[in-house]
Amino acid sequence: MSAVSVGPAAGGPDAEPALEVRGLGVRLGETWALRDLTLVLPRGRIIGVVGPNGAGKSTLINVICGQVAPHRGRVLLYGRDITGAPPWRTVAAGVARTFQEPRAFADMSARENVATGVRNGRYRIRGRRAALALADELLERVGFASSPHALPGWLDFADSRRLELAKALALRPRVLLLDEVLAGLRAPEVEHGLELLSDLRTTGMTILYVEHVMKIILAVSDQVLAMDDGRKLMVGTPQEVLADPRSMESYLGGRHVYPLGG
Ligand SMILES: Nc1ncnc2c1ncn2[C@@H]1O[C@H](COP(=O)(O)OP(=O)(O)OP(=O)(O)O)[C@@H](O)[C@H]1O
């Protein structure tokens, strides 16, 4: 394992709230994509987010990272109000995200993409050479199997996802927002990803993890938020959510069926 520190600057898990969303309401076109959503994410925990298509999971990530401004409610990062702050400010405050559809600069190599994050994030490394060296370490850490010099368009599905994760880690987040970063990977690749997320948790990083594959959520989450129609159905341990008729109804009640397997 690489010696690179990919976590926040200090500390182990404790109960301090890293992120709070209070009464979030977001209207997109004719739809309320989020309705009065309140959630507290303790520091150094992994919170899985599940719910059917259109439940508002991606919108929640978009609001926290500043890509969508809420119509109602607040977002607090370590007690600091970041509601409606633009992405460059939420990054500076310690928020990073991955996208469901990987996004990278097409004309830059994988390592240059990650190094761009390093130079613009909280590592405070500005020199190109040092940023590239750290980028190589981060790519290794996420299990990137292609050449670091490869262009994003040449990467297979798994390495596209890994590059997406390395780009987010390059910002040195305190709160990491993941949108289906392990979905579609093979079992050993998922296993490696789960180990990495567990390692990140021990550094004190807080992770909000949107994922459709229940098996992945059950394996890694401390708490699970079940959503439907922009609302919080419940928050509980993975076992509590799995056993609760409300959350399972929204999965298995006829409209949506998701695999419990990986
Ligand atoms: N740009 C947009 N304009 C209008 N409505 C939108 C827009 N983006 C999302 N929505 C609507 O907002 C609601 C929440 O969408 P969102 O993408 O957050 O759900 P999701 O839970 O992430 O779904 P999925 O699992 O399919 O990614 C849905 O009803 C969706 O149709």
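In the predicted model, a polar backbone atom of Ala 55 lies 3.0 Å from an oxygen atom of the ligand. The backbone of Gly 54 also takes part, with a polar atom placed 2.9 Å from a ligand oxygen. For Ser 58, the distance between a backbone N or O atom and an oxygen atom of the ligand is 2.8 Å. On its own the ligand has 640 Å² of accessible area, of which the protein covers 60%.

Two elements give two or more residues to the shell around the ligand, namely strand S2 (31-42) and helix H1 (57-64). The greatest contribution comes from H1, which gives three residues. Of the 13 residues around the ligand, the nearest are Asn 53, Gly 54, Lys 57, Ser 58 and Thr 59. Sorted by class, the shell consists of eight polar residues, four nonpolar residues and one charged residue.

Strand S2 also belongs to an open sheet of four strands. The strand order in this sheet is S2-S1-S4-S5, and the pairing is antiparallel. The edges are formed by S2 and strand S5 (80-81), each of which pairs on one side only. Within the sheet, strand S1 (residues 17-28) and strand S4 (residues 72-77) run antiparallel and are joined by five bridges. Glu 20 has Leu 76 in S4 as its bridge partner.

Empty space inside the protein was examined separately. Rolling a probe the size of a water molecule over the atoms shows where such space is left. One cavity of 30 Å³ or more is present in the structure. The largest cavity holds about 70 Å³ of space. Its lining is made up of Val 142, Arg 161, Arg 162, Leu 165, Val 181, Leu 182, Leu 185, Glu 189, His 192, Gly 193 and Leu 196.

At least two residues of this lining are supplied by each of helix H5 (157-169) and helix H6 (187-202). H6 gives the most, with four residues. By class, the lining of the largest cavity comprises six nonpolar, three charged and two polar residues.

Conventions. Residues numbered from 1 in each chain as written. Predicted model: local features only at pLDDT ≥ 70, side-chain atom pairs only at ≥ 80, totals over all residues. Heavy atoms only, no water. Near = heavy atom within 4 Å. Polar contact = N/O pair within 3.5 Å; in protein donor to acceptor, adjacent residues only side chain to side chain. Areas by Shrake-Rupley, 256 points an atom, 1.4 Å probe, with all protein chains shown as cover. Nonpolar A, V, L, I, M, F, W, Y, C, P; charged D, E, K, R; others polar. 1 Å grid on protein atoms, 1.4 Å probe; cavity = no way out; pocket = protein on both sides within 12 Å on 5 of 7 lines; lining within 4 Å. Points joined across faces, edges and corners; volume = space filled by probe spheres on them. Pairing = 2+ DSSP bridges.
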